[in-house]
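Reader: Could you walk me through this model before I set anything up with it? I'd like to begin with the overall make-up and then go into the packing.

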Amino acid sequence: MEEVDVEPTVTNIPAASDGKHLGFAWGPGDILVYETLYKGSDAKGSGCSFIHEVRKDEDIYSPILRKLFNESHHIFVGLQTIREDLPSKNKKNQFVSISKNYRSVIRACMEELQQVAVSTKEAAVATQYGNQVSILLAIELIWNLCEVLFIDAAPAGSLLLHLLDWVRLHKADVDEKAREVLQSESPAEHRDYWDVVVSYVLQGRLEEARSMYKLIDTLLSRMPFYNPGGNQTLTEFDVKWRHWHDEVNRCLQDNSFASNRHLEIICKILAGDEDTLLEHKELLSTWYHFLVTRLLFSHPTVKPTELHYYAQSCLTMFLDSRSVPEPLDNILLAAFEFDIHQVIKDCSIALNNWWFVAHLTDLLDHCKLLQSHNLHFGSNLREFLLLEYASGLFTHHSLWQLAVDYFDHCPEFGHVYLELQIERVPLDTERKALKVLRICDQRQMSEQVRSICKIMAMRALRNNRLGSALSWSIRAKDAAFATLISERFLQDYCTRGTFSDLDLIDNLGPAMLLSDRLTFLGKYREFHKLYGEKRFGEAAKLLLSLMTAKIAPRSFWMTLLTDALPLLEQKEVIFSADQTHELMFCLEELTSCLNASALGSPKTSQDEDIELTKVELLRLSLARNLAMAIIKEGTVEA
C-alpha cells in the first residue's frame with residue numbers, strides 16, 4: 001500500500017492565537033500545553049497561568065462509549081479461546097457469531113447515545129452525541145459489510161441475499177414512513193404512499209410492497225429468490241429468474257401499466273432500468289443501496305469477484321460529476337474490491353480511535369485473512385493495532401485494566417508494552433496498588449513488583465503508617481528500607497514504651513530474616529511476649545542472645561539492659577552466673593562507648609544523671625544477681 005499524506009486535525013489553543021510562546025510535555029495519551037515566560041514580538045494580551053490538556057482520544061471519557069469498550073473486551077477475550085484444531089466450518093460459524101456480537105454491542109451503544117442526544121437540553125451535548133451516533137453508524141455499516149464479504153464469505157446467490165439484509169438494516173426509515181402512511185385516514189391518498197411502495201421494491205421487500213398495493217401482485221409474487229438451503233441449484237435459479245425478467249420486459253413493451261405512471265415506474269425498476277433507478281436517488285439515498293438494488297434486478301447471481309466492477313460503476317453513476325467521494329465511500333469501495341488492508345488503513349485514518357480497526361483486524365486475523373501482511377517495524381498488523389488501542393486505554397483511570405488482556409494476547413511485544421505502561425498507572429489507593437501488584441505477580445514482572453512496593457512503602461512512611469510501610473518493604477524484598485522502618489519502630493518504642501502494629505510484628509515469620517534490624521525487631525517483640533507469659537527463663541536467654549550475637553544495635557543496648565532489670569530483681573534466680581558475667585561485660589562495653597561519645601558531644605547534666613543512675617542500678621542488680629547465682633550454683637554442686 002502506498003502511503004497517503006493526511007492533514008492532521010487542527011486543535012485551537014487560546015494562547016496560541018495570541019501569538020504567545022508555548023511549551024509542551026508529552027504524556028502517554030495526551031499533551032500538556034502551557035505558556036512560557038518567553039515573550040515574542042507579536043505576542044498580545046497579558047500572561048496567564050493556564051495549562052491546557054490536549055487529548056488524543058476523547059471517546060474513552062464518554063460514559064456510554066465506555067460500555068462499548070467493556071462489552072467488546074469480553075468478546076475479544078472469548079475470541080482468543082477458540083481452539084485452532086476445530087474444523088474450519090465450525091470455526092467459521094463461531095467467527096460469524098462473534099462478529100454479530102460485536103455489532104450488537106455497537107448497536108446498543110448507538111441507541112443509548114441517540115436517546116441521550118434527543119433527551120438532553122444542551123445543544124453542545126446533543127451535537128456531540130449526534131456526531132458519535134454518526135460515527136458508530138458508519139462503523140457498524142463497514143463491519144457488517146466486512147462480515148458478509150470476508151468472514152461469512154458468502155458465495156454467488158447467497159451473496160446478494162446478505163447484501164439485501166445489509167442495506168435493509170441500514171436503511172430502516174422506510175418502515176417508519178410506512179407506519180405513518182398506514183395510520184392515516186386514507187393511506188392510498190397519502191403523499192408518501194408511492195414513495196413507501198417504491199422503497200419496498202428497491203429494497204427487495206416485495207411482500208411488504210404487495211401488501212401496500214395489490215394490483216402489481218402478479219409480477220411481484222412471481223419474482224424468484226435464491227434459497228441457499230433448498231434443493232435448487234444456482235443454475236436452475238438463474239434460468240427461472242431470466243424467465244421472470246423476460247416477463248417483466250414484455251409487460252413494459254406491451255404497455256401493460258401505461259395507464260398508471262407509478263406502476264410503470266415499478267415495472268421499470270423490476271426490469272433493472274438504470275435511468276429509472278437513478279431518478280429515485282432520494283429514496284435510494286446512497287450509491288451502495290443503488291448497487292444492491294441494481295444487482296437484485298439485473299444480476300442476482302453476482303459472484304464476489306465481480307462486485308468491484310459493479311461497485312465502481314455504481315459509485316461513478318450515482319455521484320454527481322462535481323462530487324468527491326467521502327472517506328466512507330472509499331472504505332466501502334475498498335471492501336467491495338476485497339482489499340482488506342486498504343479498508344483497515346482508510347479506517348485508521350478516518351476514525352478518531354483504534355477500537356474499530358483493532359477488533360476487526362483481530363477477528364480477520366483469526367479467520368486467517370491477514371497472514372500475508374507483515375509490517376516493516378517488528379510486529380504484524382494485528383498486534384500493532386492492538387498495542388495502539390491498549391496503550392490508549394491505559395490513559396484512563398479504570399479502562400487500563402481491560403488493556404492488560406489485550407497486551408497478554410500480543411505475543412511479540414505485549415509483555416514489554418505492559419511493563420512500560422503499568423509503571424504509569426497512578427497508585428491512588430492501596431486497593432488499586434494491590435490490583436496492579438496482582439497483575440504484575442501473575443506475569444512474573446518482578447521489577448515492577450519491587451517498584452510498586454517501594455512507592456507504596458515510601459508513601460506509607462511519609463504518612464507515618466509504619467505497619468503498612470513495613471509490609472510493603474517486605475513484599476519489595478528491600479532490606480535497606482526494611483532496616484529503616486525497623487529503626488523507626490524501635491524509636492517509637494523508646495519514645496512511647498509500646499509497639500504499634502503488633503499483629504504485623506507478631507506474624508513476621510521468615511520475613512524477619514530480610515535484614516538484621518528486622519530480625520532484631522521480631523525477636524525483641526518475641527522477648528516481650530515471653531515476659532508477658534511469665535516464661536522468664538526463655539525471655540532472659542533470648543534477651544542475652546540479642547546482645548551477645550550483636551544483632552541489637554548498640555544504641556539499643558541500654559534499653560535491653562533496662563529490660564533485664566525486672567528479671568534480675570526476681571526472687572528466683574533467672575540469669576546464671578555465666579549469663580550475669582556476659583551482661584556485666586555488655587554493660588562495661590556500653591559505658592566505655594558512652595564515655596567516649598560524651599567527650600565528642602557533651603550532654604546536659606540532667607541526661608548524664610539519668611544515664612549514671614541507670615548504670616549504677618544495673619551494676620547493683622547484676623552484682624546482687626551474681627552473688628545469688630553463685631550461691632545457688634554452689635549449693636546445687638554440693
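Predicted model: local features only at pLDDT ≥ 70, side-chain atom pairs only at ≥ 80, totals over all residues.

Reader: Okay, and how much of the protein is buried?

Author: Of the 638 residues in the protein, 46% are buried. The accessible surface comes to about 33,700 Å², and carbon and sulfur atoms account for 52% of that surface.

Reader: What share of the contacts join residues at least 24 apart?

Author: If you take the contacts between residues at least 6 apart in sequence, 62% of them join residues at least 24 apart.

Reader: Now the inside. How many residues are in the largest nonpolar core, and which have the most contacts there?

Author: The largest nonpolar core has 188 residues, and the ones with the most contacts inside it are Trp166, Trp287, Phe336, Trp355, Phe356 and Tyr524. Helix H4, covering residues 123–151, gives the most to this core, with 13 residues. As general background, nonpolar side chains in soluble globular proteins tend to be buried together.

Reader: Take Phe336, then; what does it touch?

Author: Setting aside residues up to four places away in sequence, Phe336 touches Leu145, Leu149, Leu163, Trp166, Trp287, Tyr288, Leu291, Leu307, His308 and Ala311.

Reader: Are Trp166 and Tyr288 buried or exposed?

Author: Both Trp166 and Tyr288 are buried. Another pair to look at is Tyr309 with Tyr310, where the ring centres are 5.1 Å apart and the planes are at 65°, so that pair is edge-to-face. Tyr310 is buried too, with a relative accessible area of 15%.

Reader: Which residues form an aromatic cluster, and which ring does the charged end of Lys281 sit over?

Author: Phe69, Phe76, Tyr389 and Tyr406 form one aromatic cluster. As for Lys281, its charged end sits over the ring of Phe318, 5.3 Å from the ring centre.

Reader: Switching topic, how many disulfides does the structure hold?

Author: It holds 0 disulfides. Consider Cys251: the closest cysteine sulfur is that of Cys267, and at 5.3 Å it is too far for a bond, given that a disulfide needs the two sulfur atoms within 2.5 Å.

Reader: And those two cysteines, buried or exposed?

Author: Cys251 counts as buried because its relative accessibility is 16%, and Cys267 also counts as buried, at 0%.

Reader: Last one: where is Leu542 found, and what is it in contact with?

Author: Leu542 is found in helix H28, which covers residues 536–548, and at 13% relative accessibility it counts as buried. Leaving aside neighbours within four places in sequence, Leu542 is in contact with Lys523, Glu526, Phe527 and Leu530. Leu542 and Tyr524 are 18 residues apart in sequence, while their C-alpha atoms are 8.3 Å apart in space.

Conventions
Residues numbered from 1 in each chain as written. Heavy atoms only, no water. Buried < 20%, exposed > 50% of the residue type's maximum accessible area, 1.4 Å probe, protein only. Core = buried A, V, L, I, M, F, W, Y, C linked by side-chain atoms within 4.5 Å. Helix = DSSP H or I, 4+ residues; strand = E, 2+ residues; numbered from the N terminus. Contact = heavy atoms within 4.5 Å. Phe/Tyr/Trp six-rings, centres within 6.5 Å; stacked < 30°, edge-to-face > 60°. Lys NZ or Arg CZ within 6 Å of the ring centre and 35° of its normal. Areas by Shrake-Rupley, 256 points an atom, 1.4 Å probe, with all protein chains shown as cover.
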